[in-house]
There are 4 protein chains.
Amino acid sequence: MAGNSIGKRFSVTTFGESHGAALGAIVDGCPPGLALTEADLQGDLDRRRPGSSRYTTARREPDQVKILSGVFEGKTTGTSIGLLIENTDQRSKDYSAIAELFRPGHADYTYHHKYGNRDYRGGGRSSARETAMRVAAGAIAKKYLRQACGIEIRACIDQLGPIRASKFQWDTVEQNPFFFPDPDGLERLDEFMRELKKAGDSVGAKVRVEATGLPVGLGEPVFDRLDADLAHALMGINAAKAVSIGDGFEVVNQRGSEHRDEMHPDGFASNHAGGVLGGLSSGQPLVAEVAFKPTSSIMVPGQSIDVHGKPVEMVTRGRHDPCVGIRAVPIVEAMVAIVLMDHLLRHKAQCGDVQVDTPVLPMRD
Amino acid sequence: MAGNSIGKRFSVTTFGESHGAALGAIVDGCPPGLALTEADLQGDLDRRRPGSSRYTTARREPDQVKILSGVFEGKTTGTSIGLLIENTDQRSKDYSAIAELFRPGHADYTYHHKYGNRDYRGGGRSSARETAMRVAAGAIAKKYLRQACGIEIRACIDQLGPIRASKFQWDTVEQNPFFFPDPDGLERLDEFMRELKKAGDSVGAKVRVEATGLPVGLGEPVFDRLDADLAHALMGINAAKAVSIGDGFEVVNQRGSEHRDEMHPDGFASNHAGGVLGGLSSGQPLVAEVAFKPTSSIMVPGQSIDVHGKPVEMVTRGRHDPCVGIRAVPIVEAMVAIVLMDHLLRHKAQCGDVQVDTPVLPMRD
Amino acid sequence: MAGNSIGKRFSVTTFGESHGAALGAIVDGCPPGLALTEADLQGDLDRRRPGSSRYTTARREPDQVKILSGVFEGKTTGTSIGLLIENTDQRSKDYSAIAELFRPGHADYTYHHKYGNRDYRGGGRSSARETAMRVAAGAIAKKYLRQACGIEIRACIDQLGPIRASKFQWDTVEQNPFFFPDPDGLERLDEFMRELKKAGDSVGAKVRVEATGLPVGLGEPVFDRLDADLAHALMGINAAKAVSIGDGFEVVNQRGSEHRDEMHPDGFASNHAGGVLGGLSSGQPLVAEVAFKPTSSIMVPGQSIDVHGKPVEMVTRGRHDPCVGIRAVPIVEAMVAIVLMDHLLRHKAQCGDVQVDTPVLPMRD
Amino acid sequence: MAGNSIGKRFSVTTFGESHGAALGAIVDGCPPGLALTEADLQGDLDRRRPGSSRYTTARREPDQVKILSGVFEGKTTGTSIGLLIENTDQRSKDYSAIAELFRPGHADYTYHHKYGNRDYRGGGRSSARETAMRVAAGAIAKKYLRQACGIEIRACIDQLGPIRASKFQWDTVEQNPFFFPDPDGLERLDEFMRELKKAGDSVGAKVRVEATGLPVGLGEPVFDRLDADLAHALMGINAAKAVSIGDGFEVVNQRGSEHRDEMHPDGFASNHAGGVLGGLSSGQPLVAEVAFKPTSSIMVPGQSIDVHGKPVEMVTRGRHDPCVGIRAVPIVEAMVAIVLMDHLLRHKAQCGDVQVDTPVLPMRD
């Protein structure tokens, strides 16, 4: 597979360009018998959709997903699930001016050199629009994980530019347009974004994701460790530049006596590991963070070149997010769900019959 | 493949436990005609080998690698390359005491629950000893990349505990036992490590890796982006907890106008991207960083449980690294080499015939 | 991938049930720059379509394929190609009577036990309707192989029931509804099929496929030999029961001195091998044959059971082919094209730079 | 993976040339807890070994297999299993004469063109010696299938040259050097082989394999059907030219009313299908046949060319089998075991939780 697939047992293959006729995905390996309707997918698609607030792009993408196969009488059949979203608001004319230009910091230059033949409309395949299909596919995994195993996945914006969450009130995350868990920071955030938009500039963000309810042992040593596959899935989201598990880069200055999570008969005493030991889930909450760069499509003029190597000054017009990290929240959840689902099935294949007497440790309060 | 393989076109599959009979690997997909001898692999194996300084474990592992197939009359034949290192210094008796215990922060607990039947001798398959085979396989990729494309890969310790390199003198990296690029910090490092060893504790480290000479366009959208596959390969190294590309987590507080690397007819003006745009190599130097946690095998007593759930106090005896990050330097290089090699061949398969008139940009001085 | 994908570098993933909303496929890995329109795919789809003669099913399936992505300004971009055929003539009511029955010789019984939740309408995913997508995807491969390498693929009915082609006039194959290469047998064929239809029965057939213009060396030892991958692809077509290369089962009674194809400076003297030596293409014409069983959906009553294990007498009503082998002709071509395309790209990846002085042998006249 | 791996969940990757230092394999995905020793593998290796009768090659290959990893205290651990056989009787000098020649009907010509750099000693990687590793790996699968599921696999020579078994007395198969199930034919066989050897020629053979005890539902539609994956595995054995399932090519002249296996409450009435319906195992005995061509390494002179395109007369000296099909018997069993094992694990991953009330049908007496 040339890069458009992820997952070995629960796999997702996608197609579609920003301004093409449609986006689609094939989800393969879903166990039969899961109750599934289009409404199960639409919720997360709506969370990802731009235009829901004044801080995301003004494009209107109803993103109505259709399930074309693999579901019969309301339940999955075990055959491949075809998903489709037709593109309705394409406005290709916005982009004709940049057909021969390379936006700095964008995929224009690299796609041009790799493929020669590039769909320049709205970024084509490199557009974040492609991630809609990940969200739809991830929603299937999310539902299965919740129903079959009690696994719950949730993400939020941990930091946006200079503004960092100082507490995590998860119940407030869905109540503001920034997926921000700290109600006290909302006013500052709002002000910051307003200024940013006025400046025509963009900013980075950090997304935090947690998954609870994992059994012990998901992941496959030595290359397909759970953390390695999570890193692959999360770094593969548009604009991602860093991924960490548990304490992440802070471990560099930790001592072993400080980092290790002590174990007591009543549970783990801490979670520096972020839920992964030796590449396998430990039963502690899975905790990961992803850094998203500021989008390169901004109105601040910048120096670049065209396809002939001539210098040009670039100003991106059109509709763009000042902070792509915000909309990445449901995408991060979806990618985590896809990886967990894949490893759950892989684990069943090889170790489904393993039984040990040893108790599974909870997290201590 | 249940986790022991990496790479789709240039692939590496490994086996072997810390105290088993041998470690081995099969390298598949290497182009024919590459001059290759065991000496080409031994250099990096020696760099990884413990016991070369007083700061790494005292185990003596000569790590003599044998090439068992795939090379004929000094050149690769295009068939699968079998590699073998026999284990000679196994001392299994050191480990019998911990057969029923879980070291906190270690893979003991997760392997036990996943597989039921765990080789507890020296960590078994979860031991860092397994990475010797990655280094051997990576050396093949390194040689091909250098000879066929002029790609060079190098890594060093960027930070160890509180001590950070304040300059990068690459020519000094191989001249000290820490792979440290800043000669001015060596004395502090030496002192810090001495104290650490005395305390029986361990510490984390950050490795920085760079690759130069990459063509534009390596990587496959959308899931197998070059940065995603690098994140997978690097996070899959024992003890890795975070991976970043280019500016990494610093992008969270950057603006788009600051982050984007402007392009001029004479080259890129900066390299915040770290050599990857839209998931494809840009021709800028590839820059990545990996955080390694402090090893959990320390002599500072810690609370844990045994396989029956009873509380125990753990003190790891035996021979262990106070900083596993140091030996990770050649492993990081090897994993980067394997990923680049894989994507070079994948690129040839699909885009080998693409030709564009547009010039390839160098980095500006 | 749970079975719905084929190919490693040029890969095809499909979805869709006989009576679902649509059929679809994602073709990944196609090189950029190939001129491609829906018309390029429609030709083979029309050849496969039922209802074109009185000997295939009376279902009307216009099978209008849409290309939803991966093509820009008339050329492939190198990104994944989304294909879609909407189902228009579904008549689900025809099938409600068999929801709880197992047709003997059909996939009903095995799908029921494997998945529990079975789409019984028209065979669901097990219907030959699914192969429309293989034909569409194969047409892309066919076009690339022809344009980039001069490879031509053609198939015909070699035998249908007792009637065997005694000569191969390839130019007549497309001029009769049986893809039969021997004009002298057409009258017998026509009569035979008329009788068969009257009897409400079905019959088997043998398809012969040839590919010319192959370079030497396609295929990968030792498991992914060209003949092994062809066998996989051809045996994976609905109703296939046997696959042979070259002389096939006749080799059992051949001697080595008789079977081997002698080589002379002006070419191969014979082609018992069918174009494959040591699992790699030899440059001789590739020759394979596939046996297709008679369809099990017939009007002759037969004994079976229902989902409760009770005995039932089955008579399949609805619209069915008396000889599914006929429509398999374009499917066989498509599967051969997909395998050759995949191996062509794999060969480029690893051996694209190999050069030898030795001349490539043609077939002797 | 460049062709040297088979299987997705239970996978086998091999290396090794006929006259290299060693042969090896990595078996990945084996469930933990299986009792396994080298003796479990040695039995089948001995059955495959040449030199055990005067009708197979006189090479002495003790084929002592070592298990290097993945087994601890007598049981599999779930980690990758490393296997090794050192080559002891290499006699490379035998082959120097043919370094620049192409034996007709052999892989010499195709390897030379594909790779440029060919290990000509004894066929190198194209030698049947490589299959020793398949047999060793297959023995692991065989043991698991037997112990965990009661699946039994057995193969025999169905036909050798003109001599066909007219009855199947399975208990006699291991009691003659031809794996022939018909004691009445042994004298003719013996005479035939003696003549053949005298003539310095070789002959083809047909191997029949059966597997019993399969659950219903192994296989994955649509491309990885059980029969498709079996065809891949069996056609991938050296010298295989045809593969059939159940009635095979005889279905071409069957009617649907004749071919379909009727189902009764007390079982299947027949087994034309050979145990596969819709690509999934039906619970009927799995039956397949494989045709092996006569080896090309014979002493009858034949016309060929050298690497410069000049004509040469070839006579293969050295030690070769007059009928490679005989030794293929344990290889066929091994490949079937590997495929069944792989699909058993894949089935568990996706459908392990499926439960239906419908009874599973036995074969009727």
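Visitor: At what angle do the axes of helix 1 and helix 7 of chain B cross?
Guide: This is a predicted model, in which local features need pLDDT of at least 70, side-chain atom pairs count only at pLDDT 80 or more, and totals for chains, interfaces and linings use all residues. Residues are numbered from 1 along each chain as its sequence is written, while chains are lettered from A and ligands numbered from 1 in the order in which they are written. Helices (H or I, at least four residues) and strands (E, at least two) are DSSP runs numbered from the N terminus. With axes fitted as lines to C-alpha atoms, for helices over the stretch in contact, and angles running from 0 to 180 degrees between N-to-C directions, the axes of helix 1 (residues 38-48) and helix 7 (residues 324-351) of chain B come within 7 Å and cross at roughly 145°.

Visitor: How many charged residues does the contact of helix 1 with helix 7 of chain B have?
Guide: Residues are in contact if their C-beta atoms, placed from the backbone, lie within 7 Å. On the helix 1 side of chain B stand Asp44(B), Arg47(B) and Arg48(B), which meet Arg327(B), Pro330(B), Ile331(B) and Ala334(B) in helix 7. Ala, Val, Leu, Ile, Met, Phe, Trp, Tyr, Cys and Pro count as nonpolar, Asp, Glu, Lys and Arg as charged, and the others, Gly among them, as polar. By these classes the contact has three nonpolar residues, no polar ones, and a charged count of four.

Visitor: Is Arg48(A) buried or exposed?
Guide: UniProt, in an unreviewed entry, places a "binding site" at Arg48(A) and Arg54(A); such annotations may be inferred rather than shown by experiment. Arg48(A) lies in helix 1 of chain A, and its contacts beyond four places in sequence are Thr131(A), Ala132(A), Val135(A), Arg327(A), Pro330(A) and Ile331(A). A residue is buried if 20 or more other C-beta atoms lie within 10 Å of its own, exposed if 12 or fewer, and partly exposed in between. Because Arg48(A) has 26 such neighbours, it counts as buried.

Visitor: Which residue of chain B is in contact with Thr295(A)?
Guide: Thr295(A) is one of the residues that UniProt lists for a further "binding site" in the unreviewed entry. Thr295(A) is found in the loop between strand 16 (286-292) and strand 17 (302-305) of chain A, and is buried, with 26 other C-beta atoms within 10 Å. Leaving aside neighbours within four places in sequence, its contacts are Ser202(A), Ala239(A), His320(A), Asp321(A), Val324(A) and, from chain B, Gly256(B).

Visitor: Which element gives the largest share of the side of chain A that touches chain B?
Guide: In this interface, 98 residues of chain A are in contact with 98 residues of chain B. The chain A side divides into 41 nonpolar, 39 polar and 18 charged residues. The largest share, seven residues, comes from helix 2 (residues 108-115) of chain A.

Visitor: Which residue stands opposite Ser244(A) in strand 11 of chain B?
Guide: Strands pair if DSSP finds at least two bridges between them. Strand 11 (residues 240-245) of chain A and strand 11 of chain B pair in the antiparallel sense over three bridges. Opposite Ser244(A) stands Ala242(B).

Visitor: How many bridges pair strand 11 of chain D with strand 16 of chain D?
Guide: Strand 11 (residues 240-245) of chain D is mostly covered, with six of its six residues buried. Strand 11 of chain C pairs with it in the antiparallel sense over three bridges, and there Val243(C) stands opposite Val243(D). On strand 16 (residues 286-292) of chain D, Ala291(D) stands opposite Ala242(D). That pairing is antiparallel too, and its bridges number five.

Visitor: Which strands stand at the edges of the open sheet of five strands in chain D?
Guide: The sheet has the order 1-2-3-7-4, with antiparallel pairing. Each edge strand has a single partner strand, so one side of each is left without a neighbour in the sheet; these are strand 1 (5-6) and strand 4 (65-67).

Key
Contact = placed C-beta atoms within 7 Å.
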